[in-house]
Amino acid sequence: MSDVAQPQLRAAAEAILIVADEPVTTTAIAEALGLEERAAEELLENLAAEYRGQTPGSRPHGFLLRRAAGGWRFASVPEHADLVEQFIIGGATARLSQAALETLAVVAYRQPVTRGRVAAIRGVNVDGVMRTLHARGLIEEAGAETTGAILYRTTGEFLEYLGIDSLDDLPPLAPYLPQVEALGEIVEQADEMATRRTP
């Protein structure tokens, strides 16, 4: 256990988190501060609650500390997302298009998946959209099938984009799927199209 006083530990954790360019794991914070992992987890949970205004004498802040991609990261609060976006990009949009969101959803739920399979599921050519998602760091190559078709998966950047800690936090698809009888036919059609499109 560290001999450093609690206020100094909190300040030290903040100093580490503020300069990190990717989520910082609890283990990394624990090692840096000389704490047991359980104590570091408690420290981070307390900081997160303080920024949300949930501890006595605290107020909600314009930023929060949240779990993301297996670690902890500072982020602006969702209520001010439009204002922050406008400030950063001067009115231009940084949001993904509907086509990009749909393509990203297919990759997220079917990964690892080929571009041909994504195109078959969506029913449209996805080459340009896949290049955009790759360029933005939301998807990456994950090997290849025996046919040579490249497989794709989501990245840690994707988890941060959604503000989730892991793929297990994705909402279940079951409520949005068609009836079981229709599903088999859809899968067969998608497989057939993917086979035709795969180089």
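In strand S5, Ile 139 finds its bridge partner in Thr 154, and that pairing is a handy way into this predicted model. Helices (H or I, at least four residues) and strands (E, at least two) are DSSP runs, numbered from the N terminus. Residues are numbered from 1 along each chain as its sequence is written, and side-chain values use heavy atoms, with hydrogens and water left out. Because the model is predicted, local features need pLDDT of at least 70 and side-chain atom pairs count only at pLDDT 80 or more, while totals for chains, interfaces and linings use all residues.

**The three-stranded sheet**
- An open sheet is formed by 3 strands in the order S3-S5-S4, with antiparallel pairing; two strands pair if DSSP finds at least two bridges between them.
- At the edges sit S3 (113-114) and S4 (139-144), each pairing on one side only.
- S4 and S5 (residues 150-154) are joined over 4 bridges in the antiparallel sense.
- Helix H7 packs on this sheet and touches both S4 and S5, its direction making about 110° with that of S4; axes are lines fitted to C-alpha atoms, for helices over the stretch in contact, and angles run from 0 to 180 degrees between N-to-C directions.

**The hairpin**
- S1 (residues 63-68) and S2 (residues 71-76) pair in the antiparallel sense over 6 bridges.
- Leu 65 has Phe 74 in S2 as its bridge partner.
- The hairpin leaves 2 residues between S1 and S2, and Ala 69 in the turn has a positive phi of about 50°.

**The nonpolar cores**
- A nonpolar core is a set of buried Ala, Val, Leu, Ile, Met, Phe, Trp, Tyr and Cys residues joined through side-chain atoms within 4.5 Å.
- The largest one has 20 residues, and those with the most contacts inside it are Leu 104, Val 118, Met 130, Leu 133, Ile 139 and Phe 158.
- Two or more residues each come from H5 (98-110), H6 (115-122), H7 (127-135) and H8, with H5 giving the largest share, 5 residues.
- A second, separate core of 18 residues includes Leu 9, Ala 40, Leu 44 and Ala 48.

**Glu 160**
- Glu 160 lies in H8 (residues 156-162).
- Its relative accessibility is 17%, so Glu 160 counts as buried; buried means under 20% relative accessible area, exposed over 50%, and partly exposed in between (1.4 Å probe, protein chains only).
- Neighbours within four places in sequence aside, Glu 160 is in contact (heavy atoms within 4.5 Å) with Pro 23, Arg 66, Ala 68, Ala 69 and Arg 73.
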